[in-house]
Each structure stands twice: as C-alpha cells, then as structure tokens.
Amino acid sequence: MAETDWSKVLGWPGYRVYRHEINEQAKTLKLWVRRKRGNRKLECSGCGRKFTEVYDSYEREVRDLPCFEFRTTVVIELYRVRCPDCGVKTEKVPQLPSKAPFSKRFEEAVGLACESAAVRRVARQFGLASSTVRAIDVRYLKRWAQSRRKPALRQMGVDEIYLGKKQQFLTVVCNLNTGEPLWFGRERKKETLDEFFETQLSAFQRSAVSAACVDMHEAYGLSLKQWVPQCRIIYDKFHVMKRANEAMAEVRRAEFFRKGGAARELFKGKHWLLLTRWVHLNTNRKRQLNQLFALNRRVMKAYLMKESLDRLWNYTYEGAMLRYLKSWIDQLRWQRLKPLEKLAGMLLKHLQGILNYCKTKVRLGVVEAVNGNIKALLRRGRGYRDLDYLLLKAQRLAATKTEFVAFQKAA
C-alpha cells in the first residue's frame with residue numbers, strides 16, 4: 001500500500017502518513033504521521049489561542065485501534081508554540097484528548113466496552129492494566145459529561161443506599177424528570193444534603209425546584225425546608241408500603257409464636273407470600289394463603305389492610321385521599337393489630353407529605369430505579385472508592401437508557 005492509502009485508512013483529518021512499518025511476526029503496525037502542507041494553523045492547548053509560528057517539534061507515540069490482527073501504533077509529529085499567556089505549550093490535537101499514550105477513538109472504544117463489562121474483563125480484552133482501563137474510562141466519561149447539556153432540575157428525589165458496615169450509607173440525589181442521579185454524598189445526615197444545595201445549586205436553581213420525593217427520614221426534610229422552602233415534600237410510596245410490609249411481618253411473627261404445635265406449620269414458608277401483592281400470585285399460592293386465612297383471621301385482616309393501603313395513591317383529589325385514609329384507620333378499631341396501629345400513627349404524622357401527591361404528581365418509581373442501577377454498578381465493579389467515578393457511570397447508564405427508549409418510540 002502507498003502512503004496515501006495508509007492516510008485514508010488512518011482517517012485523521014489534516015494529517016498524512018509518510019512512513020509505515022509492518023512486523024508480521026509480532027503482528028504490529030507502526031505509522032508515522034505529520035501535518036499536511038495546508039494544515040499550519042496551530043492552537044495552544046492551554047488557552048486555545050491560534051498561532052502560525054512554530055517554537056519546536058517532537059514525536060509522540062500513541063496507540064490507536066487495531067488494524068485487523070495488527071496492533072496499531074501511531075507516531076505523530078507534534079509542534080510546540082510559545083504562548084504569551086501560557087508559555088511554551090504543545091499544540092492542541094483533536095485526536096489526542098489527553099497526555100496519555102492513546103488516541104481519542106481508542107479511549108472511546110475502551111469506554112464503550114466498560115459500559116457493558118467489568119474493568120478487569122475490558123483490561124484482558126485490550127491487553128491493558130486494570131488501573132489504565134479505569135483511568136481511560138474516567139476520561140471518556142468526563143468528556144461525555146462536558147459535551148452534553150444538563151437538563152434543568154424541577155423535581156428531585158432523595159434517598160439513601162446502604163453500602164455496608166464500613167461505608168454505611170450513601171445519599172443519592174436524582175432528577176425525577178430525566179431519571180438520572182445528580183450527586184452522591186457520604187452518610188445520610190442533614191449536613192450531607194446541605195452540602196448538595198450549597199455547592200451544586202445556585203440560588204436561582206434552588207428556587208426552580210418545585211417538588212421533592214423523599215422517604216420519611218427527618219434529616220432530609222429539615223434540609224429541604226431550609227434550602228428550598230417553596231418545594232413540596234412528597235413521601236415516596238415505596239417507603240410507605242415498605243413500612244406496611246414490615247407491619248405485616250410483625251403480625252405474622254406474633255401469630256406464629258402465639259400459636260402452638262401443628263398450627264405453626266401453616267405459618268412456615270408464608271413470609272414472602274404475605275408480602276406479595278394478591279394480583280401477582282398464581283392459583284397455587286393463592287390457595288396456600290386462603291388455607292392460612294381460614295385458620296387465622298388476624299393475619300387475614302392484616303393482609304387485607306396492607307393490600308387496601310395501596311389504593312391511597314389512586315386518588316387525584318386531596319379530600320378524597322384524606323377520607324379514604326380516615327376510613328382505613330377506622331377499620332383498625334377493635335382489630336388488636338398493634339403494628340398496623342403504629343403504622344397509622346406514622347401516616348398521620350407525615351400526612352401532609354402524602355397528600356401533596358394529589359397537588360403535584362411525581363414519578364414515584366424513579367428513585368428506586370436509580371438506586372437499582374447504582375447497586376448493579378456496585379456489584380459489577382466490586383465497589384467504587386471514587387464517588388465521582390460512580391456518579392459518572394450511573395449518569396451514563398441512565399442517559400443511554402433514555403436515548404434508547406426515545407429511539408424506540410421514534411422508530
């Protein structure tokens with residue numbers, strides 16, 4: 001092949017191949033590249049100022065995508081310019097986004113591979129160290145984050161993820177409209193969420209937040225009232241139903257120990273059945289629950305109360321939701337279900353946050369979906385020490401899924 005043909009294969013605009021070397025035994029391809037004659041406008045890599053005069057030149061060797069079975073290396077001739085503001089600086093080359101010995105499209109290929117596989121697997125695929133692949137992935141994600149337009153924050157979600165005994169909790173702030181995480185913070189204290197409002201949002205951005213979907217953790221509510229007083233706090237349905245399931249489990253446990261002998265056998269293996277919605281059970285599972293309900297009416301009443309509480313979020317008017325909740329609490333009289341009575345007291349304590357759902361509709365499942373994506377990334381990566389890296393991975397995962405859904409709808 002002639003040098004002009006190698007220039008076409010390389011595909012670097014403004015550059016030409018003037019020499020090549022092929023080693024068939026080692027399966028390597030080496031290309032020497034320099035600027036074309038008409039491409040003499042140099043740009044300072046520090047401030048972006050344009051120059052025509054060259055201070056000096058040197059050669060830099062970078063790895064590019066392989067050509068068939070041959071590992072490709074590009075030796076590019078670079079110029080340095082004398083900038084009055086930055087001093088002597090290397091020219092800016094679009095194909096070389098960093099000081100690392102890799103081309104831009106090579107780093108993009110590694111970054112795309114890291115989206116669907118673990119770092120160690122990508123490292124074996126490209127013959128690199130795991131730390132090198134991780135550094136390439138970070139640069140790839142940062143370039144992607146800088147090039148995209150970040151959507152405005154109108155409705156936010158706040159929740160925590162338990163990471164273990166050492167790292168404890170991780171506070172996650174997400175955008176409910178786009179379904180992507182915005183910020184991570186250690187612990188789940190009021191000071192943690194205060195840091196987000198103080199460092200990540202301006203006064204104008206804080207004034208634009210109209211609703212926040214949170215759990216019933218008091219620290220988050222105090223921070224929201226301080227920084228975004230105009231925001232309506234809406235308690236997440238998932239956490240309310242989680243408390244209802246915990247109350248249901250306490251009733252089952254109390255009845256198990258209250259009953260004796262053979263009656264206890266009916267309670268064994270029914271824990272997950274009692275936590276599952278009735279509409280999601282098959283015929284065999286429903287038959288097992290009916291046998292349990294026939295012998296223990298207290299468990300049956302607790303299960304029916306738990307199932308009927310889910311209808312609370314079907315109402316669109318605040319008065320109708322309040323009347324339904326009042327009737328639900330009235331049904332607990334004389335039932336001797338202490339865990340559910342405790343749940344009713346908790347609902348009354350956080351009544352306004354539940355009723356706010358009628359005034360401002362939010363996507364209730366987004367917060368848990370974001371947490372699920374983060375937990376999947378943590379399992380695949382065996383944990384992350386750098387929260388900024390984890391945040392970029394989670395944002396990229398959310399954005400690519402959003403673009404794929406939009407593509408499907410357009411098609």
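Strands β6 and β7 form a hairpin, with 3 residues between them. Everything here comes from a predicted model, in which local features need pLDDT of at least 70, side-chain atom pairs count only at pLDDT 80 or more, and totals for chains, interfaces and linings use all residues. Residues are numbered from 1 along each chain as its sequence is written, and side-chain values use heavy atoms, with hydrogens and water left out. Helices (H or I, at least four residues) and strands (E, at least two) are DSSP runs, numbered from the N terminus.

Let's stay with β6 for a moment. Strands of a sheet pair through backbone hydrogen bonds, either parallel or antiparallel. Two strands are said to pair if DSSP finds at least two bridges between them. As for burial, 10 of the 13 residues of β6 (residues 71–83) are buried, so the strand is largely enclosed by the rest of the structure. Buried means under 20% relative accessible area, exposed means over 50%, and partly exposed is in between (1.4 Å probe, protein chains only).

Next comes an open sheet of 5 strands, with mixed pairing and the order β10-β9-β8-β11-β12. Its edge strands, each pairing on one side only, are β10 (180–186) and β12 (232–235). From one strand to the next, the twist averages 25°. Angles run from 0 to 180 degrees between N-to-C directions, and axes are lines fitted to C-alpha atoms, for helices over the stretch in contact. Within this sheet, β8 (residues 155–164) and β11 (residues 211–214) pair in the parallel sense over 4 bridges, and Gly157 has Cys213 of β11 as its bridge partner.

Two helices lie across these strands. Helix α5 (residues 190–199) lies across β8, β9 (168–175) and β10, at about 130° to β10. Helix α15 (residues 366–380) lies across β8, β9, β10 and β11, and runs at about 35° to β8.

The axes of α8 (residues 237–258) and α13 (residues 338–349) come within 8 Å and cross at roughly 160°. Contact (heavy atoms within 4.5 Å) is made by Val240, Arg243, Ala244, Ala247, Glu250 and Val251 of α8 and by Pro339, Leu340, Leu343, Met346 and Leu347 of α13. By class, this contact of α8 with α13 has 9 nonpolar, no polar and 2 charged residues. Ala, Val, Leu, Ile, Met, Phe, Trp, Tyr, Cys and Pro count as nonpolar, Asp, Glu, Lys and Arg as charged, and the others, Gly among them, as polar.

Finally, the axes of α2 (residues 104–116) and α3 (residues 119–126) come within 9 Å, crossing at roughly 140°. These two helices, α2 and α3, are therefore oblique to each other. Their contact involves Phe106, Ala109, Val110, Ala113 and Cys114 of α2, together with Val122, Gln125 and Phe126 of α3.

Conventions:
Angles under 35 degrees count as roughly parallel, over 145 as roughly antiparallel, 65 to 115 as roughly perpendicular and the rest as oblique.
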